[in-house]
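Hi,

Here is the structure I promised to pass on.

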Amino acid sequence: MFSKLFKKSKPRVYLDKMIAVSQNEFSKIGAWGAFKGEDLEAGIRHRLVEIFSLPHISSRIEPKSNDLALEVVVLKVRGGEFDTACFGEFGAMPVFWRPKIEVAARLYYADSKKTHSSYRAREKMPWREYFSGVFSLRGMLRYRPVFGAKELEPILYRACEKLLASMVKSV
């Protein structure tokens, strides 16, 4: 009986904002405009809604003092590429950069707007997947971007999974 009186109730978590990097940022970060023609921002926002399937903060009916709101921001999206850097007479050196996504989240108290905790996760494409994409027919002929929205989805899911795991531990 007394344990119920002194037991803390778990906070309810609501979704507030989801922000993705703008399309202009994607084209700057991407490999020589490889993302032109693809609407990555809308695709990433759609995936974020699927991953963080929480009720929106505006749907809160009986507010409690320990209710939390969640903001999710995709800070960085980098498309992968393979090229060579030429050093004149000294030869050339291969240059690799794998696709990478960085996601941040902030949990804050819904009433006071004070931050409860913040999280950050960064995920890169594994080398095996990267090399299979670079040395594929599409990677060699470059008739399409080597790493588009479809190839970036698993990286986004893994980064968000890291965020959720750290959130569950702290809440």
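**What I found**

Strand 3 (81-86), strand 4 (92-97) and helix 5 (137-141) are among the elements that cover the buried residues of helix 4. Before going further, please keep in mind that this is a predicted model.

Helix 4 itself spans residues 127-134, and its buried residues are Tyr 130, Gly 133 and Val 134. Viewed down the axis of helix 4, the buried residues sit within an arc of 95°, so they line one face of the helix. As background, an α-helix has 3.6 residues a turn, so residues three or four places apart point the same way.

Four strands make up an open sheet in the order 1-2-5-6, and the pairing is mixed. At its edges are strand 1 (13-19) and strand 6 (115-124); each has a single partner strand, so one side of each has no neighbour in the sheet. On average, neighbouring strands of this sheet are turned by 20° against each other, ignoring direction.

Strands 5 and 6 run antiparallel and are joined by nine bridges. If you want a pair to find on screen, take Val 103, whose bridge partner in strand 6 is Ala 121. Helix 6 (residues 149-170) lies across strand 2, strand 5 and strand 6, and runs at about 150° to strand 6.

- **Leu 68.** This residue belongs to strand 2 (residues 68-78). Is Leu 68 buried or exposed? Its relative accessible area is 1%, and buried means under 20%, so Leu 68 counts as buried. Beyond its neighbours within four places in sequence, Leu 68 has contacts that include Pro 11, Arg 12, Val 13 and Tyr 14, as well as Leu 107, Tyr 108, Tyr 109 and Ala 110. His 116 and Val 171 are also in contact with Leu 68. Asp 16 is 52 residues away from Leu 68 along the chain, yet their C-alpha atoms are separated by 9.5 Å.

- **Lys 100.** You will find this one in strand 5 (residues 100-109). Setting aside neighbours within four places in sequence, Lys 100 is in contact with Lys 76, Val 77, Arg 78, Arg 122, Glu 123 and Lys 124.

Cheers

Conventions:
Residues are numbered from 1 along each chain as its sequence is written. This is a predicted model: local features need pLDDT of at least 70, side-chain atom pairs count only at pLDDT 80 or more; totals for chains, interfaces and linings use all residues. Side-chain values use heavy atoms; hydrogens and water are left out. Helices (H or I, at least four residues) and strands (E, at least two) are DSSP runs, numbered from the N terminus. Buried means under 20% relative accessible area, exposed over 50%, partly exposed in between (1.4 Å probe, protein chains only). Contact means heavy atoms within 4.5 Å. Two strands pair if DSSP finds at least two bridges between them. Axes are lines fitted to C-alpha atoms, for helices over the stretch in contact, and angles run from 0 to 180 degrees between N-to-C directions. The arc is that of the directions from the helix axis to the C-beta atoms.
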